[in-house]
Amino acid sequence: MQEKNNSIDVVPTHVALIMDGNGRWAEQRKRPRLFGHKAGVDSVRIIVEAARNIGVKHLTLYAFSTENWQRPGVEVKGLMSLLKTYLQVELKKMLKNGICLQCFGQMKRLPPDVQDVLNTVISDTRHCRDMRLNLALSYGARAELVAGVRDIARKCCAGDLQPDEIDDSLLSDHLYSQGQPDPDLLIRTGGEKRLSNFLLWQLSYAEIYFTETMWPDFHEQQFLEALKEFSIRQRRFGKTGAQLAAQ
Ligand code: IPE
Ligand code: IPE
Ligand code: MG
């Protein structure tokens, strides 16, 4: 799913982003990792605004993985505190810009004060329609799939569902992204070329864009470059190029 835009030929409906490289960015500057995470928050602000203005309808940001809980306690604490401040400060702007917030992930594992702010922003922005912002927090795709499969199994055991009724769309309906289209484009900053347990089901047919740019240096211009690259890719979904040309 994608639509036309004047400056970029084809705007992806859903962009997913692995925001990586904050720590290395800070280390290159001989500063603590948290300095990089702080700078990373500025990039989040810039990209959310740019995405909304260009007509992206769903933006999913990988902010904290289930595996990131293994990081040193001070880093985790610092990240949670940055997240809380970000949400508190941005609520007004989200309302003004019509941005609806959702959380993908195990919200219950977040500190209670962060959960409170998150719940407030989610509920206050529920009516917003310009762009959906999904923050992946304490998110892991395998845990998401396991939880979804458990839900489905429970329904089968209760007799509310037959195994033959399980198909792609039913499984999609049991994930955090339920009701949203799959990402058209995945961007990963920071130079690594891996998925790191992000949206393993939903990214099946996403175009993937890797960049060496560290997340704190990823601003509107870098985002537009990724969108330009996306707009010239031919998405074949298993068909031949000739079949697509004939459509
Ligand atoms: C991404 O940057 C932010 C989070 C994972 C929370 P990193 O903290 O992973 O930065 P690098 O990869 O160590 O540079
Ligand atoms: C992926 O980055 C998770 C987020 C961006 C939140 P990581 O830095 O945690 O990924 P790995 O460990 O390099 O795969
Ligand atoms: Mg990293």
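Reader: How far from an oxygen atom of ligand 2 does a polar side-chain atom of Arg71 lie?

Author: Happy to start there, with a note that this is a predicted model in which local features need pLDDT of at least 70, side-chain atom pairs count only at pLDDT 80 or more, and totals for chains, interfaces and linings use all residues. Residues are numbered from 1 along each chain as its sequence is written, chains are lettered from A and ligands numbered from 1 in the order written, and side-chain values use heavy atoms, without hydrogens and water. A polar contact is a pair of N or O atoms within 3.5 Å; within protein, one must be able to donate a hydrogen and the other to accept it, and residues adjacent in sequence count only if both atoms are side-chain atoms. For Arg71 and ligand 2, the distance is 3.3 Å.

Reader: How much of ligand 2 does the protein bury?

Author: Accessible areas here come from the Shrake-Rupley method with a 1.4 Å probe, and for residues only the protein chains shown count as cover. Taken alone, ligand 2 exposes 390 Å², and the buried part of that is 78%.

Reader: Which residues come nearest to ligand 1?

Author: A residue is near a molecule or strand if one of its heavy atoms lies within 4 Å of it. Ligand 1 has 13 residues around it, and those that come nearest are Asp20, Gly23, Arg24, Arg33 and Arg71.

Reader: Which residue has a polar backbone atom 2.9 Å from an oxygen atom of ligand 1?

Author: The side chain of Arg33 has an N or O atom 2.9 Å from an oxygen atom of ligand 1, and a backbone N or O atom of Asn22 lies 3.2 Å from one. The polar backbone atom at 2.9 Å is that of Gly23.

Reader: What is the volume of the largest pocket?

Author: On a 1 Å grid over the protein atoms alone, a pocket is an open set of points where a 1.4 Å probe fits, with protein on both sides within 12 Å along at least five of seven lines; lining residues have an atom within 4 Å of a point. Ligand 2 sits in the largest pocket, meaning that more than half of its atoms lie within 2 Å of the grid points. The lining has 32 residues, including Tyr62 and Asn68. Grid points are joined across faces, edges and corners, and the space filled by probe spheres set on them comes to about 700 Å³.
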